[in-house]
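I opened my notebook to jot down what I could look up in this structure. Here is what I was working from.

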Amino acid sequence: RTEAQLARSYGYSERQIEKLKTGSVSPPLGCSEKKKGSDFFSRYRTLEEVYSFIQDRLCTLRQEIDSMGSSCRVVTIGESIEGRAILAIEIRNPEKLREAKELHQSRAKEQQNNDNAKPRKKKKWREMMTLMVGTVHAREWISTTSVLLSAVRADVTDVSLLVIPVANPDGYVYTWSGKKQLKQKWTKGGIEDIEVEARYFRKNRRINFDGTIGVDLNRNYGNSNMIWGVDKKSKSINLTGSDIYQGMGGFSEPETAAIDRYYQEHKRNIAAFYDVHCCIPAILEPVTHSKDGLPSYLLETGKKMLQAINTKAPKEEQYEWKPRPPGSASGTGLSSAWAFEEQKIPFVYVIEMRGKFVMPCTEIKSVGAEVLLGLEVLLQSVSEYLVQGDGTLRNPNPVAKKPKPSIKAAELAEGNDLSNDNDSNSFFLFVLIGGTVGVSYYLMQHGAKVDKEAKGV
């Protein structure tokens with residue numbers, strides 16, 4: 001490891017690194033390791049270090065700190081444009097899943113024995129899952145560490161967790177190179193070339209037809225023309241050298257194609273999507289073209305996530321709920337639009353962490369803890385609605401004039417037709433009770449993390 005690489009791992013900027021004297025690289029206060037390899041989250045890590053930790057240490061560490069969810073395995077879901085593996089971590093709690101299945105069977109039997117009940121189609125039990133994705137944008141190193149910290153510390157019960165820590169491995173490797181790179185943007189005088197440090201590179205490493213490098217992976221999602229390519233006004237979206245170049249088509253890039261393929265393998269089970277980015281701070285609502293707006297359950301869960309996150313976020317950097325305009329460059333080919341609009345995943349959230357692209361290593365654990373709080377609220381909400389609850393999500397708006405269909409999680413995940421259900425009163429009572437219990441539960445859970453924090457994770 002060169003001194004420059006070590007300096008980058010501590011969160012020094014390229015300008016700071018240029019000023020460092022030979023042999024003068026030292027960790028900022030709070031980032032040192034007591035002994036080599038003792039604290040993975042004491043600084044940022046190269047891809048080689050990240051993958052070594054995932055494959056050799058992560059699952060064992062979960063057991064050592066007693067994170068709930070004894071089943072943990074690492075799988076390869078695809079390869080990047082330069083041939084690097086894209087890894088996923090699958091975390092389950094077999095005991096809690098067994099209890100969830102028994103609860104489902106008990107309810108089905110009770111329903112069958114109820115002579116007064118309306119006939120219903122018998123449904124098989126399905127494991128509920130949350131898919132979490134990080135490092136879609138190469139320069140967002142705090143996303144890598146935050147997603148990994150969640151993978152280590154998250155308590156998984158009756159909703160399993162699938163984690164893709166580094167969706168863009170090639171871009172991530174390039175940001176460690178110390179090189180210079182050109183990017184383009186539109187100005188009043190035409191296209192302008194700008195030289196910036198590789199540390200701020202955003203895209204993957206595809207060589208485009210004109211020799212420019214990279215496609216923005218978060219403008220490359222979508223199988224339909226409702227998701228990819230919807231922006232007809234932005235010049236930058238089709239400018240190959242721009243930060244938001246969308247590529248030649250939806251899922252044209254092997255990285256996004258791997259995520260879509262992995263999702264399709266678990267389509268019947270995935271009930272939530274949590275995409276981790278930087279730096280606003282905010283939770284971004286998914287893009288929707290529905291005239292009725294977003295479902296109430298999604299908004300209520302988002303509010304609970306914000307409440308939990310802001311108990312730890314600094315007062316001057318509190319997280320907010322932010323919409324995304326569907327008709328702008330920020331609304332084309334987005335992961336959240338693909339997940340919510342196209343795949344009909346019930347719970348979809350993009351968290352934009354606080355801070356900057358280049359952040360000191362002293363912020364790794366605190367920002368990671370905020371992402372974890374949001375994840376735990378999300379896992380609990382999925383459980384309350386779809387596992388412990390009756391599996392019904394009523395859509396979407398209490399002020400709507402006409403009845404809204406009820407959305408069954410399994411049907412929604414499969415894109416099946418939806419049946420009508422007007423029982424809105426019980427739904428809002430459930431949200432009121434569930435919201436209060438959910439936030440209290442997570443504040444209690446956070447207190448239980450002291451031992452894990454003491455172990456440096």
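Is the disulfide of cysteine 31 and cysteine 361 right-handed or left-handed, and what is the torsion about its S-S bond? I looked it up, keeping in mind that this is a predicted model. The torsion comes out at about 115 degrees, so this disulfide is right-handed.

**Entry 1: the link from cysteine 31 to cysteine 361**

I checked the sulfur atoms, and they sit 1.9 Å apart, S to S. Then I wanted to know where the two ends are. Cysteine 31 is in the loop between helix H2 (14-19) and helix H3 (47-56), while cysteine 361 is in the loop between strand E10 (347-353) and H11, so the bond ties together parts that are 330 residues apart in sequence. I also looked up burial. Cysteine 31 has a relative accessible area of 1% and cysteine 361 has 3%; buried means under 20%, so both count as buried.

**Entry 2: the other disulfides**

I searched the whole structure and got three disulfides. One joins cysteine 59 to cysteine 72, with 2.0 Å from S to S. This link is left-handed, at -65 degrees about the S-S bond. Cysteine 59 belongs to helix H4 (residues 58-64) and cysteine 72 to strand E1 (residues 71-79), and the two are 13 residues apart. Cysteine 59 has 18% relative accessibility, so I put it down as buried.

Another disulfide joins cysteine 278 to cysteine 279, with 1.5 Å from S to S. Its torsion is about 90 degrees, so I noted it as right-handed. Cysteine 278 is buried at 4%, but cysteine 279, at 21%, counts as partly exposed. Counting bonded cysteines along the chain, I wrote the pattern as 1-6, 2-3, 4-5.

**Entry 3: glutamate 370 in H11**

Next I went to helix H11 (residues 364-387), where glutamate 370 is found. Its relative accessible area is 0%, so glutamate 370 is buried. I looked for a polar partner and found the side chain of arginine 354, at 2.9 Å from the glutamate 370 side chain. Leaving out residues up to four places away in sequence, glutamate 370 also touches other residues, including Ile309, Lys312 and Tyr319.

**Entry 4: the nonpolar core**

The largest nonpolar core has 101 residues, and among those touching the most other members are Met132, Tyr274 and Trp338. H11 gives this core its largest share, 13 residues.

Definitions and conventions. Residues are numbered from 1 along each chain as its sequence is written. This is a predicted model: local features need pLDDT of at least 70, side-chain atom pairs count only at pLDDT 80 or more; totals for chains, interfaces and linings use all residues. Side-chain values use heavy atoms; hydrogens and water are left out. Helices (H or I, at least four residues) and strands (E, at least two) are DSSP runs, numbered from the N terminus. Buried means under 20% relative accessible area, exposed over 50%, partly exposed in between (1.4 Å probe, protein chains only). A polar contact is a pair of N or O atoms within 3.5 Å; within protein, one must be able to donate a hydrogen and the other to accept it, and residues adjacent in sequence count only if both atoms are side-chain atoms. Contact means heavy atoms within 4.5 Å. A nonpolar core is a set of buried Ala, Val, Leu, Ile, Met, Phe, Trp, Tyr and Cys residues joined through side-chain atoms within 4.5 Å. A disulfide is a pair of cysteine sulfur atoms within 2.5 Å.
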